[in-house]
Amino acid sequence: MSRIQATFARLAEQGRKALIPFVHTGDPYPETTVPLMRAMAEAGADVIELGVPFSDPMADGPVIQRAAERALQKGIGLARVLADVREFRQADDVTPVVLMGYANPIERYGIARFVDDAAAAGVDGVLVVDYPPEECETFAALLQARGLDPIFLLAPTSTEARMARIGKIASGYVYYVSLKGVTGAGHLNTAAVAEMIPRIRQHVSVPVGVGFGIRDAATARAVADVSDAVVIGSRLVELLETQTRDNVALTGAQFIREIRAALDA
């Protein structure tokens, strides 16, 4: 059982929902990523999604685009992402870490080399935004052979056939993009999410996390009522981008505590 699977199993036994924050490696400062990850885990994050910088993040809105640009300007690449995971693992061998990004950095790094190095660093799952399931079954198999979970996206436009295909190869959890648009959009329709989740569960046996458009505790709680996990990124990245170095981890932890309290209420 992977760390992700073990985490969801434990939460299910407790009757709780997973909180999955997204932060971008190297942003707002390279040296704050690992302390921020540790602070969020201590504050109640169940899984951490760690962004891999890329110059053309087509699925991301302006907040996360700015984070990627700042990280790239500071020289943050995939090697540094893996180094940060290794450092995080020195003090935390429980909290799952999922790398979220795009195909180009992985393919430039070398797919087989990436899978080996990610496993050695302590990565638990990989979500590649622009790898559709029908084009990456070999990649998913490589990940699973090294104990990593391939995480896939589903959207309001996903067909039954696409859900079924993802259901055959996904592990860990699936990430339901709750709206048509980019990250950080503010028009989340929780009723539409509630209608979609049962359709997904007809085809997918792993937990279903919901993200995009979740910006506060009330929305997070509403989404958690109908899903297995809440993924929250843009609002967190937005809060962090204006902080001083000394305040990054404190601000991240405070935000996670507020969302965690709402989910557990």
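Here are legends for close-up views of this predicted model.

Residue numbers start from 1 along each chain as its sequence is written. Since this is a prediction, local features need pLDDT of at least 70, side-chain atom pairs count only at pLDDT 80 or more, and totals for chains, interfaces and linings use all residues, while side-chain values use heavy atoms, leaving out hydrogens and water.

**View 1. Eight strands close into a barrel.** The order is β1-β2-β3-β4-β5-β6-β7-β8, with parallel pairing; on average, neighbouring strands are turned by 25° against each other, direction ignored. Strands here are DSSP runs of E, at least two residues, and helices are runs of H or I, at least four, both numbered from the N terminus. Two strands count as paired if DSSP finds at least two bridges between them. Take β1 (residues 18-24) and β8 (residues 229-232): they run parallel and share four bridges. Ala-18 has Ala-229 as its bridge partner in β8.

View 2. Helix α7 (residues 137-145) lies across β4 (125-128) and β5 (149-154), at about 140° to β5. Helix α12 (residues 248-264) lies across β1 and β8, at about 160° to β1. Angles run from 0 to 180 degrees between N-to-C directions, with axes fitted to C-alpha atoms (for helices, over the stretch in contact); contact means heavy atoms within 4.5 Å.

View 3. Asp-27 pairs with Arg-70, their closest N and O atoms being 2.5 Å apart. That links distant parts of the chain, 43 residues apart: Asp-27 is in the loop between β1 and α2 (33-43), Arg-70 in helix α3 (residues 62-73). The structure holds 20 salt bridges (a side-chain nitrogen of Lys or Arg within 4 Å of a carboxyl oxygen of Asp or Glu). The bond from Asp-27 to Pro-28 is cis, with omega near 5°. Most peptide bonds are trans.

**View 4. Phe-212 has a positive phi.** Its value is near 75°, and Phe-212 is found in the loop between β7 (208-211) and α10 (217-224). Most residues other than glycine have a negative phi.
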